Amino acid sequence: MELRELLKRLKDLGGSDLHLVAGLPPAVRVHNELTILRDVGRPTPEQMREMIYPILAKEEIERFENDPHFRYDLDFARGVADLGRFRFNLHKQRGSLSCTIRALSGSIPSLESLGLPPGVRDFTASLRGLVLVTGPGGSGRSTTLASLVDEINHQRSARIMTIEDPIEYQLKGINQVQARPEIELTFANALRAFLRQDPDIILVGEIRDKETAEIAVKAALTGHLVLSTLHTNDAPSTINRLTNMGVEAFLVTASLLCVLAQRLVRRICDQCKEEFRPSPELLKAVGIPPEQATTLFAGRGCESCHGTGYRRRVALYELMKVTDRLRDAIIEGASATQIKQLAMAEGMITLRQAGIRKILQGMTTPEEVISQTVADDR
């Protein structure tokens, strides 16, 4: 069993992650679905070491062998240059090596190819303020941020600095720093250092704690454009997430420009796409009036899509602009539900609504939208 062949299999399947665990068959995540590679065999602990150790330095191997709490993230391209770049995450499982390998894109997609709402550009053109991208892991937040920063860098002269964990995209002309908590190079400490480096724009890979949140907000209030991510289910719940971290509501309203929530859903395969007549129950579940969709589309399954009916993915976006009315509601302590209702009244397209649009355009299926979004009346 060779690592190179498994990485090639990952790329051929169009997968995002390869999971290797001693004693279990390898698995590839393709468009959010986990596919077990039962024809490969189960790697032994010795085979795992033979595959992974050659990419590690001697001191890293010694630390892994001797430290029971060892966890190591490695971003590398050695030995697999023709296959692209990969991010390695290693940890011990039942005393043996376990590894998750993520395929990293070699190029930064344009904002047009991502299909971002046009209003996003209005906020990234600002000279100060906080722009947040939210969603679960694997929803494309890092790609969105990289595309935004790359476009800013090409459109105007600005000193841009980033603190990331890990650095997934190599951005030309931008000062990128890899977070290393083991030497106290945390998001918060890097932010403090950045503010003494005269930056115009700061990208923070993720706001994970109160300290980072407060420094990011203060940086946004003192003449810097700050871009970052949060783990929230939708854009409106971001407000409560920040206040629950301990950021004062008045600081949130003074700094926050907008929140972009996003999800990735599987796109219907063009090679086996066909019409079908949806049941009333399916239309009701997704929230489409029966008169709007007498026929929809789905993939039959073919060789091109490995029998799944889906090929590649498409993004759903929910852009919440922080208006004066929203600021007043936040100061008054409005709930996430109340903020969402107000944002919708002011024109926000929710994730579910964005998904319904993609269904009616024949790009994805009701099942995909139901699995990745929640109904707007919840």
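**Figure 1. Packing of helix α7 against helix α8 in a predicted model.** Helix α7 (residues 187-194) and helix α8 (residues 210-221) pack at an angle of about 25°, and their axes lie 8 Å apart. Helices (H or I, at least four residues) and strands (E, at least two) are DSSP runs, numbered from the N terminus. The axes are lines fitted to C-alpha atoms, for helices over the stretch in contact, and the angles run from 0 to 180 degrees between N-to-C directions. Helix α7 is therefore roughly parallel to α8; angles under 35 degrees count as roughly parallel, over 145 as roughly antiparallel, 65 to 115 as roughly perpendicular and the rest as oblique. The crossing of α7 and α8 is left-handed, a term used if the near helix is turned anticlockwise from the far one by less than a right angle. On the α7 side, the contact (heavy atoms within 4.5 Å) is made by Phe187, Ala188, Leu191 and Arg192. On the α8 side, Glu211, Thr212, Ile215 and Ala216 take part. By class, this contact of α7 with α8 has five nonpolar, one polar and two charged residues. Here Ala, Val, Leu, Ile, Met, Phe, Trp, Tyr, Cys and Pro count as nonpolar, Asp, Glu, Lys and Arg as charged, and the others, Gly among them, as polar.

The model is predicted: local features need pLDDT of at least 70, side-chain atom pairs count only at pLDDT 80 or more, and totals for chains, interfaces and linings use all residues. Residues are numbered from 1 along each chain as its sequence is written, and side-chain values use heavy atoms, with hydrogens and water left out.

**Figure 2. Packing of helix α12 against helix α13.** Two packed helices are described by the angle between their axes and the distance between the axes. For α12 and helix α13 (residues 336-345), the angle is about 170° and the axes are 10 Å apart. Helix α12 is therefore roughly antiparallel to α13. The contact involves Arg325, Leu326, Ala329 and Ile330 of α12, together with Ile339, Leu342 and Ala343 of α13. The residues of this contact of α12 with α13 divide into six nonpolar, no polar and one charged.

Figure 3. Side chains of opposite charge can pair when their charged atoms come close. A salt bridge is a side-chain nitrogen of Lys or Arg within 4 Å of a carboxyl oxygen of Asp or Glu, and by this rule the count comes to 17 salt bridges. Glu46 forms one with Arg49, with the closest N and O atoms 2.8 Å apart. Glu46 is partly exposed at 40% relative accessibility, and Arg49 is partly exposed at 30%. Buried means under 20% relative accessible area, exposed over 50%, and partly exposed in between (1.4 Å probe, protein chains only). Asp324 is exposed, with a relative accessible area of 56%, whereas Arg327 is partly exposed at 24%.

**Figure 4. The salt bridge of Glu368 with Arg266.** The closest N and O atoms of this pair are 3.0 Å apart. Glu368 lies in helix α15 (residues 366-372) and Arg266 in strand β12 (residues 256-268), so the pair ties together parts that are 102 residues apart in sequence. Glu368 is buried at 6% relative accessibility, and Arg266 is buried at 13%. Glu33, Arg266 and Glu368 are linked in a network of salt bridges.

**Figure 5. Backbone features at Pro166, His306 and Arg312.** A cis peptide bond, with omega about 0°, joins Asp165 and Pro166. Pro166 is found in the loop between β8 (160-164) and β9 (175-178). His306 is not a glycine, yet has a positive phi of about 55°; this residue lies in the loop between β14 (296-299) and β15 (310-321). Arg312, also not a glycine, has a positive phi of about 65°. Arg312 belongs to strand β15 and is partly exposed at 46% relative accessibility.

Figure 6. With a relative accessible area of 10%, Ile55 is buried. Ile55 and Lys273 are 218 residues apart in sequence and 42 Å apart in space, C-alpha to C-alpha.
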